[in-house]
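Dear colleague,

Please find below the structure that I am handing over to you. A summary of the findings follows it.

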Amino acid sequence: MSERQEPTEVTREQAEEAVRVLLRWSGEDPSREGLLDTPKRVVKAYKDWFSGYATDPGDYLRRTFEEVAGYDEMVVLRDIEFESHCEHHMAPIIGRVHVGYLPDGKVVGISKLARVVDTYARRFQVQEKMTAQIADCIHDVLQPCGVGVVVQATHECMTTRGVHKRGVSMTTSKMLGTFREDARTRAEFLQFIGAPGANVGR
Ligand SMILES: [Zn+2]
């Protein structure tokens, strides 16, 4: 299963021209001095913000450790910070992800879970979709007994425009395997991440 996508046919020049069009659409003059290099900078920033398309997140989970001295309890990584962009407005989504899994003989380096989060975050996203993608990836590649993912984030398309509601955050969760089937496992995970109000059971 490859998450990799074909490179687009768009050239750097076309992308820079698109930025100039948006500047004109905003009421600006892209030829004024302060904006001359802006298209170049924006296109470069896009390479960074959307670098997740060039990576298969599952690759990070394929190197596992089996020498864990019989450790068979839950592994939880909480407060993984991420920045993403909503696919509806291309506006930032800023938040944190909590990931837990119950190993079935195999564990991964904890930084790898953060890499998986980053890879999905660095694409255009819908929070619900990103939550499910992270959980599904860990479930499919690592094949643990269960996985839980909780995402809490603010959406700038909501805080800086539209309804202008500051301080509102959204919580989504995806539970698979024992995290879904066993209320005690799920409760243990939610207790670890300190999120009693998490939207359980999806
Ligand atoms: Zn949006």
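**Strand pairing and the zinc site**

Val150 has Ser173 in β5 as its bridge partner. This is a predicted model, in which local features need pLDDT of at least 70 and side-chain atom pairs count only at pLDDT 80 or more, while totals for chains, interfaces and linings use all residues. Residues are numbered from 1 along each chain as its sequence is written, and side-chain values use heavy atoms, with hydrogens and water left out.

Strand β4 (residues 146–155) pairs with strand β5 (residues 170–177) in the antiparallel sense, over eight bridges. Strand β2 (residues 92–102) also runs antiparallel to β4, and 10 bridges join the two; here Val99 stands opposite Val149 of β4. Two strands are taken as paired if DSSP finds at least two bridges between them. Strands (E, at least two residues) and helices (H or I, at least four) are DSSP runs, numbered from the N terminus. Eight of the 10 residues of β4 are buried, so the strand is mostly covered. Buried means under 20% relative accessible area, exposed over 50%, and partly exposed in between (1.4 Å probe, protein chains only).

The zinc ion is coordinated by Cys86 (SG), His89 (ND1) and Cys157 (SG), at 2.2 to 2.3 Å. Donors are N, O and S atoms within 2.8 Å of the metal (3.2 Å for Na, K and Ca); water is not among the atoms, so sites may look incomplete. The spacing of the donor residues in sequence is C-x2-H-x67-C. Cys86 belongs to strand β1 (residues 75–86) and Cys157 to helix α5 (residues 156–159), so the pair ties together parts that are 71 residues apart in sequence. Both cysteines are buried: the relative accessible area is 4% for Cys86 and 12% for Cys157.

Cys86 is also among the residues that Gln125 touches, as are Ser84, His85, Glu87, Ile93, Tyr120, Met130 and Gln133, leaving aside residues up to four places away in sequence. Contact means heavy atoms within 4.5 Å. Gln125 lies in strand β3 (residues 124–125) and is buried, at 2% relative accessibility.

As for the surface, what is the relative accessibility of Trp49? The value is 40%, so Trp49 counts as partly exposed. This residue is located in helix α2 (residues 38–49).

With kind regards
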